[in-house]
Every structure is written in structure tokens, then in C-alpha cells.
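This report describes the fold of one protein chain and the surroundings of its ligand.

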Amino acid sequence: MSVAISLRHVTHAYRTETGPLPVLDDLSLDIPEGAFCAVVGPSGCGKSTLTKLIAGLMRPDAGEVLLGGERVTAPRATVGMAFQNPVLLEWRSILDNVLLPLEIVPNRLTRAQRQNRARDLLALVGLEGFEDKRPSELSGGMRQRASLCRAIVHRPQVLILDEPFGALDAFTREDLWLTMHDLRAQEAFTTLLITHDLRESVFLADEVVVLSDRPATAQYVLPVTTPGPTSRRRTLDDLYTEASVRMLADLRQQIEVAQGRGTPGASPPVDADGPADPHDPAPRAGSRVPPHARAAAAPETPA
Ligand SMILES: Nc1ncnc2c1ncn2[C@@H]1O[C@H](COP(=O)(O)OP(=O)(O)O)[C@@H](O)[C@H]1O
Ligand SMILES: [Mg+2]
């Protein structure tokens with residue numbers, strides 16, 4: 001299967017008044033076409049920076065970002081994005097907000113075809129009947145649903161989601177996860193999801209990448225072993241299987257390592273509650289997993 005998103009030795013620093021701030025350090029990552037990759041990591045480690053580099057909004061100091069094998073040098077129409085803040089235009093109806101990319105990205109659709117495309121997507125995410133409302137007439141969860149429709153209405157090859165569900169309450173967020181599965185079952189895109197919610201990452205992704213603290217590199221890669229949307233629709237109960245609980249424990253431990261706490265190595269027992277001894281900081285280098293050593297990073301797959 002071909003690689004949709006490829007990061008090769010990406011290194012980046014921001015220039016600040018007090019000197020360079022290294023944010024990404026030799027980060028390499030390959031996301032196959034159609035895959036759903038979640039990225040988690042400490043706050044401020046460089047996750048949003050990563051999305052901006054993939055979207056072509058910035059160029060890395062060193063290394064390269066490739067989409068479909070081509071080096072990214074500027075924003076592309078084949079990318080869709082959604083953020084924590086849906087930023088819908090209040091003077092446009094929900095339908096017209098969703099239509100926006102089709103007005104910007106060159107396409108051969110007639111006006112009727114565009115409208116049908118947008119209406120179909122809105123129906124798929126449960127917003128049928130809200131097409132003519134203004135954004136302020138919708139709840140936060142509904143606005144985020146509309147924002148997802150807008151991100152994919154032009155059928156992008158790559159969908160970048162930067163904490164899109166982060167501001168929603170827990171139940172709304174879980175509803176949106178199910179919607180995300182429905183969208184994925186119907187549309188063909190490769191997804192990179194930034195999240196700070198480990199359950200979200202395990203529920204939605206095929207693979208979870210843990211970034212180290214700043215300057216970030218790929219510290220750990222976890223293949224998600226719960227059944228994917230191709231076999232059957234995931235349900236929230238899947239988060240409580242032994243395999244999921246084990247994966248969550250594994251990720252939680254890796255986050256602690258990324259934060260400079262915890263010990264790299266074996267997963268804690270699945271019923272482990274608290275963090276590892278905070279007075280026993282582990283050498284970070286020992287936990288780093290170069291992406292080419294992914295197989296070695298995989299935890300034992302429970303039967
Ligand atoms: N334009 C910028 N100029 C200078 N520093 C920045 C800029 N954008 C982000 N940063 C800093 O870079 C680091 C990484 O930022 P970001 O990628 O937004 O982190 P994350 O999304 O993981 O929380 C943070 O310390 C942030 O303050
Ligand atoms: Mg961010």
C-alpha cells in the first residue's frame with residue numbers, strides 16, 4: 001500500500017526573541033494511504049507545528065514532508081483540516097459554510113452537485129434539517145460536525161485534525177467519535193489526528209504515535225489491535241476490552257516517559273492505577289523508538 005503522508009527526518013525550530021526554540025527533532029513517520037494515525041504527546045511538544053508542516057503552512061528547517069510521494073512546499077487542495085475551534089462564518093448558513101472549500105478549490109461540479117455533496121455529508125453526520133441555520137444556532141458538537149463536513153467536502157486525500165473534539169463535553173465527544181467512524185467508512189482519506197485523549201486515540205486510530213517532549217521525535221508507536229471499521233463498526237464497549245485497557249495503560253506509561261516521569265520498558269499491569277515513581281526519572285533516550293524499529297515497539301498483541 002502506498003504511503004500518503006511521509007515525514008523524513010523533520011527538524012524545526014521557531015525563531016524567538018530569546019533565540020531558536022527547537023520544536024521537532026529528526027521526526028520520521030510514514031502513514032499509509034487510508035490509515036488513521038493519532039498523535040499524542042506532552043502539551044507544547046510540537047503537535048500543532050507538525051500539522052502546519054504537513055499542511056504546507058510552514059516549511060521545516062531540515063528534512064522533508066511528502067504527501068503522496070511529493071514534497072510539500074505550499075498548501076494543497078488535497079488536504080482538509082479541522083481544529084478545536086470550528087471557526088464557521090456566522091454570516092453564512094451551515095450549508096454555505098460546508099460549501100466554502102468547493103468555492104475555492106477548482107472542481108467540475110455543478111452548483112446542484114456541490115449542494116448535493118454538502119447536503120449528503122450533513123445528513124451523514126446527523127445535521128439534516130440544520131442546513132439553513134447559522135452557526136450560532138447550533139450546539140458546540142453540531143458546529144464541530146459541520147466543521148468536519150467542511151474539511152472533507154472537496155474529497156481531500158489527507159485529513160488533518162488538530163484536537164477537534166478537545167473542547168466538547170465527554171458525551172458529545174464520544175458521539176463525534178462514532179460519527180468519525182461513519183465518515184471514514186464512507187469516504188476515502190488518510191487521517192492524522194492530534195489529540196490529548198488516549199481513549200480517543202485508541203478508539204479512532206489504527207496506530208498511535210507518542211511524541212517525546214520538545215523538541216519532539218517519535219518516541220513510541222502503538223499499533224491498535226481492536227477491530228477496525230472494515231470488520232464492523234466500533235462501539236464504545238470496545239474501549240473496555242482487555243486489549244484496549246492494556247493499550248491505554250501502555251500509552252499512559254509512554255506519556256509519563258515523554259513528560260520525564262515513569263520508566264520505559266514493560267507495560268504496567270492493566271489494573272495499575274497511578275504513575276510510576278515520580279522520583280525515579282528514566283533516561284529518555286532508552287525509550288526512544290526510531291520509526292524503522294516499529295515492529296520492536298509493538299506491545300505483545302493479546303489474543
Ligand atoms: N509561531 C511561533 N513562534 C514561536 N514559538 C511558537 C510558535 N508556535 C508555537 N510555538 C511554541 O512551540 C512549541 C510547540 O508548539 P505547538 O506545536 O503549538 O505545541 P502543541 O500543539 O504540541 O501543544 C510551544 O512551546 C509553543 O509555545
Ligand atoms: Mg496544539
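Predicted model: local features only at pLDDT ≥ 70, side-chain atom pairs only at ≥ 80, totals over all residues.

Val40 has Val210 of strand 9 opposite it.

A second open sheet is described by the order 2-1-4-5; it has four strands, and their pairing is antiparallel. Its edge strands are strand 2 and strand 5 (70-71), each of which pairs on one side only. Helix 1 packs on this sheet and touches strand 1, strand 2 and strand 4 (62-67), with a direction that makes about 120° with that of strand 1.

Strand 1 and strand 2 run antiparallel and are joined by ten bridges. A hairpin of two residues leads from strand 1 to strand 2. Two pairs of facing residues can be located along these strands: Ala13 is opposite Pro22 in strand 2, and Val3 is opposite Pro32 in strand 2.

## The surroundings of the ligand

Which elements give two or more residues to the shell around ligand 1? The residues that surround ligand 1 are Tyr14, Thr16, Leu21, Val23, Ser43, Gly44, Cys45, Gly46, Lys47, Ser48, Thr49 and Arg214. Strand 1 (3-16), strand 2 (19-32) and helix 1 (47-54) are the elements that contribute two or more of them.

Helix 1 supplies the largest share of this shell, three residues. Sorted by class, the shell around ligand 1 consists of four nonpolar, six polar and two charged residues.

## The nonpolar core

In soluble globular proteins, nonpolar side chains tend to be buried together. Here the largest nonpolar core has 73 residues, and Cys149 and Val208 are those with the most contacts inside it. Leaving aside residues up to four places away in sequence, Cys149 touches Val98, Ala118, Leu121, Leu122 and Val125.

## A residue in a loop

Is Thr195 buried or exposed? Thr195 counts as buried because it has 22 C-beta neighbours inside 10 Å, and a residue needs 20 or more to be classed in this way. Thr195 is located in the loop between strand 8 (190-194) and helix 6 (198-204).

Apart from residues up to four places away in sequence, Thr195 touches Ala38, Val40, Glu163, Glu200 and Ser201. One of these, Val40, is the residue that stands opposite Val210 in strand 9. Thr195 and Gln84 are 111 residues apart in sequence, while their C-alpha atoms are 9.9 Å apart in space.

Notes:
Residues numbered from 1 in each chain as written. Chains lettered and ligands numbered in written order. Near = placed C-beta within 6 Å. Nonpolar A, V, L, I, M, F, W, Y, C, P; charged D, E, K, R; others polar. Core = buried A, V, L, I, M, F, W, Y, C linked by C-beta atoms within 7 Å. Buried ≥ 20, exposed ≤ 12 C-beta atoms within 10 Å, placed from the backbone. Contact = placed C-beta atoms within 7 Å. Pairing = 2+ DSSP bridges. Axes fitted to C-alpha atoms, helices over the stretch in contact; angles between N-to-C directions.
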